[in-house]
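Thanks for coming, everyone. Please take a moment with the sequence and the model on the screen.

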Amino acid sequence: MIAAERAHREAAKLLIMDAQGHLRDVPRSRLARLFNPGDLVVANDAATLPASLSGTHLASGEPVEIRLVGWGSVGDPTRFVALAFGAGDHRTRTEDRVAPPSLSAGDRFSLGPLVATIERLLGHPRLVALNFLGKRETVLGGIARHGRPIQYAHVAEPLFLWDVWTRIAANPIAFEPPSAGFALDWHTLGAWRRRGIGFATLTHAVGISSTGDPVLDLQLPFDEPYRIPDATAAAINQAKSDGGRIIAVGTTVVRALVSAEGADGTVRAGEGIAIGRIGRQTRLRVVDAILTGVHQAGESHFELLRAFAEDAALSEISALAVMGGYRTHEFGDSMLIEYQGGAPLAGDHQDRSG
Amino acid sequence: MDSNSDCKGLRVAITGGTSGLGLALVRRLAAAGARVAFVARSGPSVERTAHETGAYGIVGDVGHKGDIYAIALQITGNLGGLDVLINNASSLGPTPLALLADTQCEDLEEALAVNVLGVFRLTKALFGALAASARNEGAALVINISSDAAVNAYPGWGAYGASKSALRHLTAIWAEEAKAASVFFLSIDPGDMDTPLHALAVPDAHPSTLKRPEHSAAEIVEAMRVALLNRGTSCQAARP
C-alpha cells in the first residue's frame with residue numbers, strides 16, 4: 001500500500017444512507033457487520049493492468065506517455081485503444097499535460113522493450129488504435145515489466161501494481177482499479193460468509209476516469225466489456241427470488257448488472273458491453289444498494305448515484321461527506337447508498353456481537 | 001501410473017519450471033491438456049521449455065519482490081485466470097551446504113526470500129484469481145513443495161530446513177484460513193529426487209538411490225486430482 005494510505009486503511013470511514021434517507025457515519029470496518037442473511041454482495045474482481053507506458057514517438061523523437069484505455073479485443077494484449085500525452089508524467093495534472101507530437105497512422109512508438117504502431121487515429125489528436133508488434137505472451141511480458149499503473153496528480157508518489165490490485169483482484173483486464181473494492185478484505189468476506197451473506201463477482205474492464213481533454217471526457221466512460229460468470233448470475237437470481245438484496249460494490253457492477261438485465265428482471269450470465277450512462281432515468285431492478293467511493297456532483301460516478309437517490313438526498317450526503325472530512329479519491333473513504341424507497345437493508349449487528 | 005490422465009482446461013502455474021521436479025510437472029501437465037504457465041529465472045531455459053512443452057514461459061525471480069506482480073499478471077493474463085498454483089521454486093541457501101554457525105546471513109536470507117517470502121507474495125498476489133476460480137468452479141488449489149528437512153533436523157540443512165519448516169507452517173495456517181472459500185492448500189514432500197538441486201546439496205549421491213522427478217510429478221498430479229474432486233474442471237483419473 002502506498003505509504004500515505006497505509007495509516008488510513010484501518011481508519012477508513014463509511015457514510016451510510018439507508019432506504020429511508022437516514023444518514024450514519026461509521027468506521028468502514030463495520031462493513032463486516034452490515035447486511036442480512038440472504039443478501040448478496042456483488043463485486044468487480046478485475047485486476048488492473050500497468051497501463052501507462054513511457055517511451056518515444058519515433059517519427060519525431062519526442063518523449064510520450066501512452067495510456068492504454070480500451071481493448072481492441074478483450075484479453076488480447078497486442079491491440080488497444082490508447083491515449084497519448086507528451087513529455088511529463090502523472091505529477092502534472094492531466095488537464096495541464098503537454099499534447100503529444102502530431103500523430104499519424106503508421107507512426108511507431110518505442111515503449112521500453114516494446115514497439116507499437118498506430119493503426120489509425122480515433123477522431124481526436126491524442127486517441128489512437130494501437131497495435132503492439134510481437135507475440136501475445138511477449139507483449140504481455142513487456143507490459144508487465146515496463147508498464148506502470150495509470151495515476152493522477154493527487155497521489156504524487158509512484159504507484160505499483162500492489163497498490164492498485166484489490167484483495168479480490170483476479171484477471172488483469174481493467175485500466176484503472178475498481179476502487180470501491182478497496183473496501184473489501186478477506187476478514188470482511190469471511191464474516192459475511194459466516195452470517196449467511198453471499199458474495200459473488202463479475203469482471204468488468206474498468207476504463208479511465210479522465211483524459212485531460214474536456215471534449216474527450218464527455219465520451220467517458222468508454223465502452224467497457226464485462227463478463228458475468230454462470231455462478232454469479234445464478235446467485236443473483238436466486239437471492240432476488242428469495243427476497244434477498246443485491247449490494248453492488250462499485251459503479252462498474254451497477255453498470256454491468258443493468259446491462260445484463262433481461263426483460264423479466266433476471267440477470268444473464270455471459271459477456272457484454274456495459275451501458276455507459278446511468279442516471280436518474282435508470283430504473284434499477286436488480287441492484288438494491290451501492291457501496292462506492294465518495295463522489296462529488298458533476299462526476300459521471302455521481303450521476304450514476306442519481307439512480308439510487310433524489311438530488312436533495314445526494315446533496316445532503318455530499319454535504320455531510322465534506323463536513324466529515326471524507327477523502328474523495330480512489331484510495332479514500334466509502335459510501336453505502338441504499339435505493340431510496342426500498343425496504344431497510346443495513347442490519348447492523350454491532351450491538352449483538354459487541 | 002496415470003500417464004493418460006486428462007487435465008483438459010485446468011489452468012496451472014508452476015514456479016521453478018525449467019529443471020527437476022518443476023520441469024517434470026510442466027511436461028506432465030502440458031501433456032495432460034492443462035493450460036500451463038511456468039516461471040524461471042533464466043531467459044534461455046524458459047524459452048527452451050516453452051518451446052518444448054507449449055506452456056507459457058515467464059522470466060522472473062520469485063525471490064525478488066519487484067518481480068512478483070509482473071509474474072502474477074502474466075500468469076493470469078496468459079491463462080485467463082488460475083485454478084492451481086504450484087510453488088516449487090526453491091533455494092538451498094549456502095552451497096555447498098554449511099553448518100548454521102558457518103552460514104552467511106545472506107544465504108539464510110536468500111533461502112527465506114525464495115522459499116517463504118516468495119511463496120507468500122506470489123500466492124497473495126494470485127489469491128484473488130484462485131478465489132475467483134473456487135467461486136465459479138467449486139475449488140482451487142495451492143501446492144507448496146516441502147521437504148523432510150522441514151520436519152527433521154539434518155545437520156548442514158539449516159537454512160533450507162528452517163525455510164521449508166516456515167513454509168510448511170505457513171501452508172498449514174493458510175489452509176485453515178482459506179478452506180471456507182474453497183481455496184485448498186497442500187504441503188507435499190516429493191522425496192529425495194535426482195534433480196539439479198539435490199546434486200548441489202549432495203554431490204556424491206548416486207542417482208540410482210534417488211527418486212525420478214517424473215515419478216514425484218505423477219504423485220503430485222494425483223494429489224491435485226483428489227484435492228479437486230469437487231470441481232467442474234479438474235484432472236480425470238488414469239485410464240487402466
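First, the ground rules. This is a predicted model, with local features needing pLDDT of at least 70, side-chain atom pairs counting only at pLDDT 80 or more, and totals for chains, interfaces and linings using all residues. Residues are numbered from 1 along each chain as its sequence is written, while chains are lettered from A and ligands numbered from 1 in the order in which they are written.

Start with the domains. Chain A is assigned domain 1 (3-48 + 158-353) and domain 2 (52-146). The bounds come from an automatic or database domain assignment. Over C-alpha atoms, the centres of domain 1 and domain 2 of chain A are 30 Å apart. The two do touch: 12 residues of domain 1 of chain A are in contact with 14 residues of domain 2 of chain A. Contact here means C-beta atoms, placed from the backbone, within 7 Å. On the domain 1 side, seven of those residues are nonpolar, four polar and one charged. For the classes, Ala, Val, Leu, Ile, Met, Phe, Trp, Tyr, Cys and Pro are nonpolar, Asp, Glu, Lys and Arg are charged, and the others, Gly among them, are polar.

Now the sheet. Chain A has an open sheet of nine strands, in the order 2-1-17-16-14-3-12-13-15, with mixed pairing. Strands (E, at least two residues) and helices (H or I, at least four) are DSSP runs, numbered from the N terminus. Strands pair if DSSP finds at least two bridges between them. Which strands stand at the edges? Strand 2 (23-27) and strand 15 (270-274) of chain A do; each has a single partner strand, so one side of each lacks a neighbour in the sheet. Inside the order, strand 14 (residues 246-249) and strand 16 (residues 289-293) of chain A run parallel, joined by three bridges. There, A:Val249 stands opposite A:Leu291.

Next, one residue. A:Val64 sits in strand 6 (residues 62-71) of chain A. Is A:Val64 buried or exposed? Buried, because 24 other C-beta atoms lie within 10 Å, and the cut-off for buried is 20 or more, with exposed at 12 or fewer and partly exposed in between. Its contacts beyond four places in sequence include A:His57, A:Phe85 and A:Phe109.

Last, the chains. The contact takes 24 residues from chain A and 18 residues from chain B. On the chain A side, helix 2 of chain A gives the largest share, five residues. By class, that side has 14 nonpolar, five polar and five charged residues.
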